[in-house]
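This report walks through one protein model, element by element. The structure comes first, and the description follows.

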Amino acid sequence: MMRNPEETIGKIIDKASTSFIAYVDDNGYPITKAMLKPR
């Protein structure tokens, strides 16, 4: 269990070189977009 989720997630984001945003469109199809460094 994470002791401090906000700090843990922040550290993961700081170390990431890319991130992915995923969602389901109006027709029910999954859409994934890649992004460069999140911060």
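In which element is Lys11 found? Lys11 is found in helix α1, where helices (H or I, at least four residues) and strands (E, at least two) are DSSP runs, numbered from the N terminus.

The model is predicted, and local features need pLDDT of at least 70, side-chain atom pairs count only at pLDDT 80 or more, and totals for chains, interfaces and linings use all residues. Residues are numbered from 1 along each chain as its sequence is written, and side-chain values use heavy atoms, with hydrogens and water left out.

**Overall picture**

The protein has one helix and two strands, in the order α-β-β from the N terminus. Along the principal axes, its C-alpha atoms fill a box of roughly 40 × 25 × 10 Å. The average pLDDT, which is the predictor's confidence in each residue from 0 to 100, is 90 for the protein, and 92% of the residues score at least 70. Confidence is lowest in helix α1 (residues 5-15), with a mean of 91, and highest in β2, with 94.

Of the 39 residues in the protein, 8% are buried. Buried means under 20% relative accessible area, exposed over 50%, and partly exposed in between (1.4 Å probe, protein chains only). The protein exposes about 3800 Å², and carbon and sulfur atoms supply 59% of that area. Accessible areas come from the Shrake-Rupley method with a 1.4 Å probe; for residues, only the protein chains shown count as cover. Among the contacts with a separation of 6 or more, residues 24 or more positions apart account for 12%; contact means heavy atoms within 4.5 Å.

**The helix and its salt bridge**

How many salt bridges does the structure hold? The structure holds one, a salt bridge being a side-chain nitrogen of Lys or Arg within 4 Å of a carboxyl oxygen of Asp or Glu. The side chains of Glu7 and Lys11 form this contact, at 3.2 Å from N to O. Side chains of opposite charge can pair when their charged atoms come close. Glu7 and Lys11 are separated by about one helical turn because they are four residues apart in helix α1. Glu7 is partly exposed at 43% relative accessibility, and Lys11 is partly exposed at 47%. The C-alpha atom of Lys11 is separated by 23 Å from that of Thr32, 21 residues apart along the chain.

Ser17 sits in the loop between α1 and β1. Ser17 is exposed, with a relative accessible area of 53%. Leaving out residues up to four places away in sequence, Ser17 touches Leu36 and Lys37. The C-alpha atoms of Ser17 and Glu6, 11 residues apart along the chain, are separated by 19 Å.

**The hairpin**

Strand β1 (residues 18-24) and strand β2 (residues 30-36) run antiparallel and are joined by seven bridges; two strands pair if DSSP finds at least two bridges between them. Phe20 has Ala34 in β2 as its bridge partner, and Val24 stands opposite Pro30 in β2. The two strands form a hairpin with five residues between them, and Gly28 in the turn has a positive phi of about 90 degrees. None of the seven residues of β2 is buried, so this strand lies largely in the open.

Ile21, in strand β1, is partly exposed with a relative accessible area of 41%. Together with Tyr23 and Met35, Ile21 makes a nonpolar surface patch of about 280 Å². Patches are made of residues with over 30% relative accessible area and no salt bridge: like charges are joined within 9 Å, nonpolar side chains (Val, Leu, Ile, Met, Phe, Trp, Tyr) within 5 Å. In a regular strand the side chains alternate between the two faces of the sheet.

**Accessibility of selected residues**

| Residue | Relative accessible area | Class |
|---|---|---|
| Glu7 | 43% | partly exposed |
| Lys11 | 47% | partly exposed |
| Ser17 | 53% | exposed |
| Ile21 | 41% | partly exposed |
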